[in-house]
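Here are my notes on the two-chain model. Please read them with the structure open.

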Amino acid sequence: MLNHIWIWLIIISLLIAAGKDIYQEALTDKSSGTEAVEKNLNERTSLGQVTNAALDAAGLAVKIAIGLIGIMALWLGLMRVAEQAGMTNVLARMVKPVTKRLFPSIPSDHPAISAMLMNISASMLGLSNAATPLGLKAMDELQKLNPDKERASDDMITFLVINTSAITLIPATAIAIRASLGSANPQQIVIPSIIAATMATIVGVTTVKLIQFFKQKKQSPGN
Amino acid sequence: MELIKTIIDWLSILAIPFIIFLFLVTGYIKKVRVYEVFVDGAKEGFDIGVKIIPYLVAMLVAIAMFRASGAIDIFGYLLSPLTDLIGMPSEVLPMAFMRPLSGSGSLGVMSELMKTYGADSLIGFIASTMYGSTETTFYVLAVYFGAVNIKNTRYALPAGLIADVAGLITAVYICRFLFIE
């Protein structure tokens with residue numbers, strides 16, 4: 001799936017950029033002042049802009065990943081201490097009724113459960129610096145339970161759908177920008193955001209659970 | 001409303017110092033070798049950071065190309081009959097498109113819309129609610145699956161996008177319902 005979407009994002013962007021350039025080129029009058037234009041071919045043409053964007057994004061990706069390392073190390077270190085102290089088990093036991101239904105195949109005292117819980121709590125509080133390392137820790141634990149290491153497990157997908165539609169109690173960035181652009185009531189979006197995110201979570205979880213249900217049915221027709 | 005905001009603000013400020021204190025002190029009391037165990041866990045941070053680089057490069061490059069080509073505007077134009085049907089102002093369509101693709105991109109679109117139409121306009125209200133209510137699905141999938149080297153993501157992306165669409169449509173309805181001219 002990602003395979004197709006990825007290649008089509010690239011094909012479509014190149015085709016559109018090329019189309020725009022051909023259209024532009026057809027419109028430009030060839031006889032007037034080509035010298036000034038030639039200089040900046042890379043910035044003037046859509047294909048040039050697309051190329052620049054691709055190169056910039058490749059650099060940015062590395063910057064983001066390197067920037068993550070320090071915070072990741074801090075949280076993974078803390079999580080390891082909490083694990084050894086037996087704290088994560090206590091947390092996991094408290095929410096067992098919910099996790100039992102969402103992740104039926106994971107034992108409720110597995111470290112994956114506590115890591116997922118801490119990730120979701122952190123993102124609810126808007127602590128994205130803490131949420132990402134904890135989420136990656138959760139993925140790492142889920143991967144240990146995954147029989148096929150190259151293929152996403154049902155539990156991973158359930159977790160990611162909950163994660164991407166994450167409910168944030170205070171969408172701080174959006175509020176700050178509203179305030180800076182002169183909104184009379186910047187935090188007006190808090191309740192609508194929570195409702196929209198809750199709806200996204202409900203629909204997302206229902207979707208993955210339906211898919212998992214029908215897949216299971218297909219595998220065991222006797223039941 | 002103000003009170004809830006104050007409480008949540010305080011909670012988010014106190015959460016991290018509280019967790020650091022709780023984890024380390026409990027570990028210390030339970031005779032965990034806190035320093036050694038911390039360092040041991042922290043080592044993994046480097047591996048994960050390096051492991052996600054190729055996945056992040058692949059994803060961010062494709063999305064950056066898509067944005068730079070102006071494809072989002074063209075898709076917006078093609079889809080405008082559909083958005084009229086659900087009562088979404090066509091001006092916020094680029095926002096709906098950008099949100100799952102790019103965090104910084106949707107931040108830019110949101111700011112632009114609020115600058116043009118006003119932060120307290122219906123369009124500004126919907127755009128900022130959309131920004132506040134979902135995560136950047138493509139980015140999250142690339143980073144999270146990349147960290148554990150998963151290449152076949154199965155139905156993760158469609159399921160994530162279905163959730164996003166539900167959230168975006170809800171944002172439109174709830175804002176139209178609450179909006180006072």
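How much area is buried between chain B and chain A, and what percentage do carbon and sulfur atoms give?

1. **Buried area.** About 8,400 Å² is buried between chain B and chain A, and carbon and sulfur atoms give 77% of that area. Buried area here is the accessible area (1.4 Å probe) that two parts lose on being put together, summed over both.

2. **Basis.** This is a predicted model: local features need pLDDT of at least 70, side-chain atom pairs count only at pLDDT 80 or more, and totals for chains, interfaces and linings use all residues. Residues are numbered from 1 along each chain as its sequence is written, chains are lettered from A and ligands numbered from 1 in the order in which they are written, and side-chain values use heavy atoms, leaving out hydrogens and water.

3. Chain B brings 95 residues to the contact and chain A brings 98; contact means heavy atoms within 4.5 Å. Five salt bridges cross the interface of chain B and chain A. A salt bridge is a side-chain nitrogen of Lys or Arg within 4 Å of a carboxyl oxygen of Asp or Glu. B:K151 and A:E150 form a salt bridge through their side chains, at 3.2 Å from N to O.

4. **The chain B side.** Helices of chain B that each supply at least two residues to the side touching chain A include α1, α2 (34–51) and α3 (53–68). α9(B) gives the most, with 15 residues. By class, this side of chain B has 62 nonpolar, 22 polar and 11 charged residues. Ala, Val, Leu, Ile, Met, Phe, Trp, Tyr, Cys and Pro count as nonpolar, Asp, Glu, Lys and Arg as charged, and the others, Gly among them, as polar. Helices are DSSP runs (H or I, at least four residues), numbered from the N terminus.

5. **Largest pocket.** The largest pocket holds about 1,100 Å³ of space. A pocket is an open set of points on a 1 Å grid over the protein atoms alone, where a 1.4 Å probe fits, with protein on both sides within 12 Å along at least five of seven lines; lining residues have an atom within 4 Å of a point. Its lining has 39 residues, and B:G103, B:Y131, B:E135, B:T136 and B:Y139 lie nearest the centre. Helix α4 (residues 46–84) of chain A gives the largest share, six residues. The lining splits into 19 nonpolar, 17 polar and three charged residues.

6. **Second largest pocket.** Its volume is about 770 Å³. Of its 33 lining residues, A:L91, A:V95, A:L117, A:M118 and A:S121 lie nearest the centre. α7(A) supplies the largest share, seven residues. The lining has 28 nonpolar, four polar and one charged residues.

Conventions
Points joined across faces, edges and corners; volume = space filled by probe spheres on them.
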